[in-house]
Amino acid sequence: MAQTSHNHTFPYQINLLDSEINKELLQYFHGEKTGFVQVGPEKYFFPYKYKSEAENYYNFKARPSDIWVVTCPRSGTTWTQEMVWLLCNDLDFLTAKQIKLTERFPFFEFHLFVHPEIKKQILEEVAHNKEQQEFIELISTPGYKLLSEIPETKRRFIKTHFPLSLLPPSVMEQKCKIIYVARNPMDVAVSYYYLNRLYRTQGYVGNFERYWTYFQDGLNPWLPYFSHVREAMQHRKSSNFLYLQYEDMSTDLQGSIKRIANFLGCDLDYSKMEALLQHLNISNFRLNTSVNGQEMMDAHILNKENNGFVRNGVAGSSFAEFQAVPGLFEQANKWITENITALKTNGNKTETT
């Protein structure tokens, strides 16, 4: 359902993907059944559904109190969301355990990835379970609709992988707080590869070598990677914008917590710092059913893969995956180096690797 008032015409062209490439991708990504589009000059990649929904997302009405966590996928998003929510809610660990992160911190555009055919199939599988059916309906409802129904008196926490140029203009107009996290592209790619295999809404069935070529060519949702990061870097001096590096957060979690609390204007109770560090420790985090996607698994949205939604979270852990394919590490490294050089040439000091 479209919102009643549209202040902005969607400014970018949305083009269907080349038919041959589209056909190939549909063979390897079983979660999409119609096809893919590319958006604007950067050619941001989305499922076909984005074509009819772009304007609705673009015209979402942000509120000054909204907090947005914006990332390229697999850049420490879930970890950052939990940290942000706890800091803004007086480290209320009890509520954080009782209410799933997907409910406390909704994913703005997830519904774009729930193809009607896949949804129908999953609903049939959970026909015996009313709660799971309701959950499927919830996650296939547009985020702009769900979030608009949250009362004005309640602060909204919003997760998105949209690049800055595709966010609703109202986010900047209302000076919402935005936290952007960037991560080493090799680690992003390996983690994203496993996620694409895990989620039936993506349903990737190819190997890593093939996946890397798609990643490098920007042929996976929310990519190209370097366009995404470059847009964020251009906003780093904005007062409502905090740019973080996942590797720095991993190395100095306590320092990162202080920095985020300061940015959000939250009073940090230092007597609970150790409890927060333990809560966010990746070993504990992976087992926490409030954040690890357990409800997605229960509702048949995830395949039964060995790698769960929260993986190892270790910086530099992608090395083995690249080394397993002769020459792939060198090729990837060359591509990354060239892109970082281009970022620096454009007057931006990069922090992506």
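**Figure 1. Salt bridges in the predicted model, with a close-up of Arg63 and Glu152.** A search of the whole structure, which is a predicted model, finds 11 salt bridges. One of them joins the side chains of Arg63 and Glu152, with a nitrogen-to-oxygen distance of 3.7 Å. Arg63 belongs to the loop between α2 and β4 (67-71), while Glu152 belongs to the loop between α8 (143-148) and β5 (157-160), so this pair ties together parts that lie 89 residues apart in sequence.

Figure 2. In helix α6 (residues 116-125), Glu124 and Lys120 are four residues apart, which is about one turn of the helix, and their side chains meet in a salt bridge of 3.2 Å from N to O. Glu124 is exposed, its relative accessible area being 52%, and Lys120 likewise counts as exposed, at 54% relative accessibility. A second pair is found in helix α7 (residues 130-139), where Glu134 and Lys130 are four residues apart and so are separated by about one helical turn. Here the closest N and O atoms of the salt bridge between Glu134 and Lys130 are 2.7 Å apart. Glu134 is partly exposed, with a relative accessible area of 43%, whereas Lys130, at 60% relative accessibility, counts as exposed.

Figure 3. Between β1 and strand β2 (residues 36-39), the antiparallel pairing runs over three bridges, and Asn15 has Gln38 in β2 as its bridge partner.

**Figure 4. Packing of helix α11 against helix α19.** Helix α11 (residues 208-216) and helix α19 (residues 328-345) pack with their axes 12 Å apart and at an angle of about 10 degrees, which means that α11 is roughly parallel to α19. On the α11 side, the residues that take part are Phe208, Glu209, Trp212, Phe215 and Gln216, and these meet Leu328, Gln331, Ala332 and Trp335 of α19. Sorted by class, this contact of α11 with α19 has six nonpolar, two polar and one charged residues.

Figure 5. Trp335, which is found in helix α19, counts as buried because its relative accessibility is 14%. Although Trp335 and Gln216 are 119 residues apart in sequence, the distance between their C-alpha atoms is 8.0 Å.

**Figure 6. Crossing of helices α14 and α15.** The axes of helix α14 (residues 253-264) and α15 come within 11 Å of each other and cross at roughly 110 degrees, and the two helices are therefore roughly perpendicular. Leu253, Gln254, Ile257 and Lys258 in α14 meet a set of residues in α15 that consists of Met273, Leu276, Leu277 and Leu280. By class, the contact of α14 with α15 has six nonpolar, one polar and one charged residues.

Figure 7. His279 is part of helix α15 (residues 273-280). Is the side of the chain at His279, at 10% relative accessibility, buried or exposed? His279 counts as buried at this value. With neighbours within four places in sequence left aside, the contacts of His279 are made with Glu82, Leu86, Phe93 and Lys97, and also with Asn284, Phe285 and Asn288.

Note on methods
Residues numbered from 1 in each chain as written. Predicted model: local features only at pLDDT ≥ 70, side-chain atom pairs only at ≥ 80, totals over all residues. Heavy atoms only, no water. Axes fitted to C-alpha atoms, helices over the stretch in contact; angles between N-to-C directions. Parallel < 35°, antiparallel > 145°, perpendicular 65-115°, else oblique. Contact = heavy atoms within 4.5 Å. Nonpolar A, V, L, I, M, F, W, Y, C, P; charged D, E, K, R; others polar. Buried < 20%, exposed > 50% of the residue type's maximum accessible area, 1.4 Å probe, protein only. Pairing = 2+ DSSP bridges. Salt bridge = Lys/Arg side-chain N within 4 Å of Asp/Glu carboxyl O.
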